[in-house]
Amino acid sequence: MNRNDDWSWPTLCLLLAAGSLLARWLGNPLEWEWWPDFAGDAMTWWAAALVHRSTAHWLANLLALAAVAVLGLALQVPRAQAWALFAAWPLSTLGLLLFPQIERYAGLSGALHAAVAVLVVHCAFTRGHQAWAGLLGAGLAAKLLAEGAWSRPLVFEPEWGFAVATGAHLTGALAGLLCALAAYGLSRMWRMRATRAVVE
């Protein structure tokens with residue numbers, strides 16, 4: 001399949017949107033949220049991203065997810081990087097163990113920050129997309145620096161009516177970055193091995 005025809009990235013984004021819609025239909029079940037006392041429950045590593053605390057919270061994240069899906073499709077994100085986002089999805093939640101201040105977590109923000117980090121890596125290694133890498137990378141870095149999640153992983157936001165887990169933004173970005181770099185490295189190794197096999 002030509003990379004231009006690869007719909008893995010928007011399909012994964014659609015999966016996240018569908019999951020969040022299901023969670024909303026079920027009343028955003030508390031048992032889907034991530035709690036550090038039950039961090040061993042692997043289901044919550046995935047399900048926590050699908051639960052939202054309010055309609056505004058849900059709609060804002062869905063709009064951001066739609067933007068990420070369209071941008072990824074326009075930038076021709078390959079299947080390997082879609083798998084990187086899939087791997088970063090639960091890791092961004094599990095990384096919250098680094099922040100004992102966060103006693104519960106729900107929302108797509110960790111996965112969304114992971115997605116942007118994956119897009120940065122993809123663009124950095126794709127000819128003609130380096131400007132996008134700089135733009136997205138600078139925006140992501142500025143946001144993370146402004147939030148300072150390493151010292152303030154949980155910040156109450158009056159406009160939302162609940163505390164925002166900025167720590168999830170940081171763990172999401174780091175998980176996305178590491179998974180994307182790993183996916184790029186593995187893809188390159190596979191291509192080199194395939195080329196060597198053809199030459200031999």
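Good morning. I begin with Gln-76, which lies in the loop between helix 3 and helix 4. Please keep in mind throughout that the structure before you is a predicted model.

Is Gln-76 buried or exposed, or something in between? With a relative accessibility of 28%, Gln-76 counts as partly exposed. Its backbone also deserves a remark: Gln-76 is not a glycine, yet its phi is positive, at about 55°. As background, most residues other than glycine have a negative phi.

A second residue with a positive phi is Asn-28, which is not a glycine either and has a value of about 50°. Where does Asn-28 sit? Its place is in the loop between helix 1 and helix 2, the latter covering residues 42–47. Asn-28 counts as buried, because its relative accessibility is 17% and the limit for that class is under 20%. Setting aside neighbours up to four places away in sequence, the residues in contact with Asn-28 are Ala-23, Leu-50, Val-51 and His-52.

Helix 1 spans residues 8–25 and helix 4 spans residues 79–94; their axes come within 8 Å and cross at roughly 25°. Angles under 35 degrees count as roughly parallel, and helix 1 and helix 4 are therefore roughly parallel to each other. Which residues meet there? From helix 1 come Ser-8, Trp-9, Leu-12, Leu-15 and Leu-16, and from helix 4 come Arg-79, Gln-81, Ala-82, Leu-85, Phe-86 and Trp-89. By class, the contact of helix 1 with helix 4 comprises eight nonpolar residues, two polar ones and one charged one.

The next pair is helix 3, residues 55–74, and helix 5, residues 109–124. The axes of helix 3 and helix 5 come within 10 Å, with a crossing angle of roughly 20°. By the angle criterion, helix 3 and helix 5 are therefore also roughly parallel to each other. The crossing of helix 3 and helix 5 is left-handed. On the side of helix 3, the contact is made by Asn-61, Ala-64, Leu-65, Val-68, Leu-71 and Gly-72; on the side of helix 5, by Ser-109, Leu-112, Ala-115, Val-116 and Leu-119. In this contact of helix 3 with helix 5, eight residues are nonpolar, three are polar and none is charged.

Leu-112, in helix 5, is buried, with a relative accessible area of 7%. Which residues does Leu-112 touch, beyond those up to four places away in sequence? They are Asn-61, Ala-64, Leu-65 and Val-68. Leu-112 can also be related to Leu-12: the two are 100 residues apart in sequence, and their C-alpha atoms are 12 Å apart in space.

Finally, the cysteines. A disulfide is a covalent bond between the sulfur atoms of two cysteines. How many disulfides does the structure hold? The number is zero. Cys-13 is in no disulfide, and the nearest cysteine sulfur to its own, that of Cys-123, lies 14 Å away.

Thank you for your attention.

Key
Residues numbered from 1 in each chain as written. Predicted model: local features only at pLDDT ≥ 70, side-chain atom pairs only at ≥ 80, totals over all residues. Heavy atoms only, no water. Axes fitted to C-alpha atoms, helices over the stretch in contact; angles between N-to-C directions. Helix = DSSP H or I, 4+ residues; strand = E, 2+ residues; numbered from the N terminus. Parallel < 35°, antiparallel > 145°, perpendicular 65-115°, else oblique. Left-handed = near helix turned anticlockwise from the far one by under 90°. Contact = heavy atoms within 4.5 Å. Nonpolar A, V, L, I, M, F, W, Y, C, P; charged D, E, K, R; others polar. Disulfide = S-S within 2.5 Å. Buried < 20%, exposed > 50% of the residue type's maximum accessible area, 1.4 Å probe, protein only.
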